[in-house]
Amino acid sequence: LPETIEPLAAHVPHECFYLRFGNFTNYLWFRDFTRHWQGDLGNMLVNQSVNHNNSERFQQQIAVGETKIARVMGPAVVRDVAIMGLDPYMRDGAAMGILFQANNNLLLKNNLSGQRQEAKGKHADAAEETVRIAGHDVSYIHTPDGHLRSYYVVDGDFHLVASSRRLVERFLEAGPGKNSLAASAEFADCRAAMPLTRDDTLFLFAPAAF
């Protein structure tokens, strides 16, 4: 990849929206921000806040959020992080995931796996299985009602926890760099106009295919 494009973008399917934070600290800021506004940015535009809990519900579904330990060790363990998805319909159950680039694969895997096991333990009807997707073994924890629906897969230094089997499949297909945002001319043009040197707290890209 050219230095003008971040490695994370090479693992994002070309048809996905991409909300990049650049580092774990920015991600935690965004979590705190959305929690303050009840997980719905629309609440900032009305006089009386309405709690839809969209962000929290998504993270409960995939069984990954931040913990006190993660807040301390996150920047040392996570190099880059983004939310990506095939659709943004959070109230209806979005096909989204959180993508991490690890500084320390073992510690990140232990942290994410621990959170998912903790969530599984809270549901008596939760099941865990290993499913085969695009030639990779993928951990899948789920409940019959879909309240818990968490896929977890690792591809090199890149870890994806997602609610959608199709998104996991597309992530693994994009991993070699084919059909990824990083390989698209429109993303390269965007990065030329908004280079990494800006060090943005948030960077949102919605490709034409999305």
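**Strand pairing, cores and selected residues in a predicted model**

Helices (H or I, at least four residues) and strands (E, at least two) are DSSP runs, numbered from the N terminus. The structure is a predicted model, in which local features need pLDDT of at least 70, side-chain atom pairs count only at pLDDT 80 or more, and totals for chains, interfaces and linings use all residues. Residues are numbered from 1 along each chain as its sequence is written, and side-chain values use heavy atoms, with hydrogens and water left out.

The protein has six helices and eight strands, which run β-α-α-α-β-β-α-β-β-β-β-α-α-β from the N terminus on. Of its 210 residues, 47% count as buried; buried means under 20% relative accessible area, exposed over 50%, and partly exposed in between (1.4 Å probe, protein chains only). Among contacts (heavy atoms within 4.5 Å) between residues at least 6 apart in sequence, 63% join residues at least 24 apart.

Strand pairing requires that DSSP finds at least two bridges between two strands. Strand 4 (127-133) and strand 5 pair in the antiparallel sense over seven bridges, with glutamate 129 opposite tyrosine 140 in strand 5. Strand 5 also runs antiparallel to strand 6, to which four bridges join it; histidine 142 has arginine 149 in strand 6 as its bridge partner. Six residues lie between strand 5 and strand 6 in a hairpin whose turn contains glycine 146, with a positive phi of about 80°. Strand 5 is mostly covered, as five of its seven residues are buried.

Strand 2 (residues 78-85) is antiparallel to strand 1 over four bridges and to strand 3 over seven bridges. Leucine 19 stands opposite isoleucine 83 in strand 2, while valine 78 has alanine 102 in strand 3 as its bridge partner. Seven of the eight residues of strand 2 are buried, so the strand is largely enclosed by the rest of the structure. Aspartate 80 lies in strand 2 and counts as buried because its relative accessibility is 3%. A polar atom of the side chain of aspartate 80 lies 3.2 Å from the backbone nitrogen of glycine 22. A polar contact is a pair of N or O atoms within 3.5 Å; within protein, one must be able to donate a hydrogen and the other to accept it, and residues adjacent in sequence count only if both atoms are side-chain atoms. Not counting residues up to four places away in sequence, aspartate 80 touches Glu6, Leu8, Arg20, Phe21, Gly22, Asn23, Leu99, Phe100 and Gln101.

A nonpolar core is a set of buried Ala, Val, Leu, Ile, Met, Phe, Trp, Tyr and Cys residues joined through side-chain atoms within 4.5 Å. The largest has 29 residues, of which Tyr18, Leu99, Leu160, Val168, Phe171 and Phe187 touch the most other members. Elements giving two or more residues to this core include strand 2, helix 5 (165-174) and helix 6 (185-193). Helix 5 supplies the largest share, four residues. A second, separate core of 20 residues includes Leu19, Phe24, Leu108 and Val161.

The buried residues of helix 5 are Leu167, Val168, Arg170, Phe171, Leu172 and Ala174; they pack against strand 2, strand 3, strand 4, strand 5, strand 6 and strand 7. Serine 164 caps the N-terminal end of helix 5, with a side-chain oxygen 3.3 Å from the backbone nitrogen of arginine 166. Proline 13, in the segment before strand 1 (17-20), is buried at 0% relative accessibility. Leaving aside neighbours within four places in sequence, proline 13 is in contact with Met84, Arg170, Phe171, Ala174, Asn179, Ser180 and Leu181. The C-alpha atoms of proline 13 and serine 184 are separated by 10.0 Å, although the two residues are 171 apart along the chain.

The structure holds zero disulfides (pairs of cysteine sulfur atoms within 2.5 Å). Cysteine 16 is buried, with a relative accessible area of 0%, and cysteine 190 counts as buried at 17% relative accessibility.
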